[in-house]
Amino acid sequence: MSLPQIGFGTYKLNGALGVNAINSALNCGYRLIDTAFNYENEGTVGEAIRRSGIAREQIIISSKLPGRHHHYEEALTTIQESLYRAGLDYYDLYLIHWPNPKENLYVEAWQALITAQKLGLVREIGVSNFLPAHINRLISETGVKPAVNQIELHPYFSEPELRVFDQQNKILTWAWSPLGRASSVLNDPIIAGIADDVQRSIGQVILRWEIQLGVLPIPKSTHTSRQIENLNIFDFQLSGEQMQTITNLERPDGRLQNQDPAEYEEF
Ligand SMILES: NC(=O)c1ccc[n+]([C@@H]2O[C@H](COP(=O)([O-])OP(=O)(O)OC[C@H]3O[C@@H](n4cnc5c(N)ncnc54)[C@H](OP(=O)(O)O)[C@@H]3O)[C@@H](O)[C@H]2O)c1
């Protein structure tokens, strides 16, 4: 599957305001839209796509299986429900949202995604918030590798080991909260200095750094001006030194909400 280099996140974009924001993003040129069963906005995404008038096959849509439905039969039913909510015939990508290792059902959920792919409900399957040990288990127990691993990634938490693991296994890393969900990173003085040097905004520099790392960011914005700003990152380059300066901002406790997939569970 060929993917755009950047996608659009939709967490918290619900109802009529959500339809307007996603419709605006499509008009700006985004062609990859990320949703999840748990965002309760698959219907909003489907409505925005229909209103855009853009052909379905020109848009990549990803959704995610929630932790409470990892049992095989429930997972398949949930994927069908996801499609009904969006009014779609298929998702381009469907991901397991969190591994929930204490529940230890993610291999069963993966088997359901493999079946859903065979049934044509989803084109490609992947994971989110999976650590190498979780992915290795999927591969050894099913022989099927995820296409994508969507993980928390921003300048204070850039996941170097996981990126190398994904690259070695030809799994595309996606960055969630690529702008740190508008936290202090968007005021970071060091990134502000680089932004001055390249005559761009801090957000643009962060997204460009992610692209040059080989990662696919999915920023969310309700504002058309910011949606455009976040897309306009393909006509400049960061130098090797600027890249390294941003990568060096890594913090040991850099996660936004301490959601370590080895421990944290989401249902
Ligand atoms: N797989 C997972 O577990 C997981 C977890 C979290 C998120 N996600 C996905 O990742 C997507 C993105 O992450 P996110 O929504 O958490 O955070 P984000 O995209 O890092 O940041 C969104 C915030 O940044 C603001 N913003 C956007 N562009 C900006 C710009 N150019 N300048 C200044 N502020 C800007 C937005 O404000 P306005 O809206 O007001 O413009 C919003 O408050 C989500 O929407 C969701 O699809 C997945």
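The model is predicted.

**Exercise 1. The shell around the ligand**

Solution. 

**Exercise 2. Polar contacts and burial of the ligand**

Find the distances from the ligand to polar side-chain atoms of Tyr39, His97 and Glu229, then state how much of the ligand's area the protein buries.

Solution. 
- Step 1: the cut-off for a polar contact is a pair of N or O atoms within 3.5 Å.
- Step 2: a nitrogen atom of the ligand lies 3.2 Å from a side-chain N or O atom of Glu229.
- Step 3: for Tyr39, a polar side-chain atom is 3.3 Å from a nitrogen atom of the ligand.
- Step 4: for His97, a side-chain N or O atom is 3.4 Å from an oxygen atom of the ligand.
- Step 5: the ligand taken alone exposes 910 Å², of which the protein buries 89%.
- Step 6: as for location, the ligand sits in the largest pocket.

**Exercise 3. Asn41**

Is Asn41 buried or exposed, and which backbone oxygen does its side chain reach?

Solution. 
- Step 1: Asn41 belongs to the loop between β2 (32-34) and α2 (42-52).
- Step 2: the relative accessible area of Asn41 is 0% and buried means under 20%, so Asn41 is buried.
- Step 3: the side chain of Asn41 reaches the backbone oxygen of Thr10 at 2.8 Å.

**Exercise 4. Positive phi**

Locate Asn104 and Arg181, give the phi of Asn104 and of Arg181, and classify the accessibility of each.

Solution. 
- Step 1: as background, most residues other than glycine have a negative phi.
- Step 2: Asn104 has a positive phi, near 60 degrees, and its place is the loop between β4 (91-96) and α4 (106-118).
- Step 3: Asn104 has 42% relative accessibility and therefore counts as partly exposed.
- Step 4: Arg181 also has a positive phi, near 50 degrees, and is in the loop between β7 (172-176) and α7 (189-198).
- Step 5: with a relative accessible area of 47%, Arg181 is partly exposed.

How values were computed. Residues are numbered from 1 along each chain as its sequence is written. This is a predicted model: local features need pLDDT of at least 70, side-chain atom pairs count only at pLDDT 80 or more; totals for chains, interfaces and linings use all residues. Side-chain values use heavy atoms; hydrogens and water are left out. A polar contact is a pair of N or O atoms within 3.5 Å; within protein, one must be able to donate a hydrogen and the other to accept it, and residues adjacent in sequence count only if both atoms are side-chain atoms. Accessible areas come from the Shrake-Rupley method with a 1.4 Å probe; for residues, only the protein chains shown count as cover. On a 1 Å grid over the protein atoms alone, a cavity is a set of points where a 1.4 Å probe fits but cannot get out, and a pocket is an open set with protein on both sides within 12 Å along at least five of seven lines; lining residues have an atom within 4 Å of a point. A molecule sits in a cavity or pocket if more than half of its atoms lie within 2 Å of its grid points. Helices (H or I, at least four residues) and strands (E, at least two) are DSSP runs, numbered from the N terminus. Buried means under 20% relative accessible area, exposed over 50%, partly exposed in between (1.4 Å probe, protein chains only).
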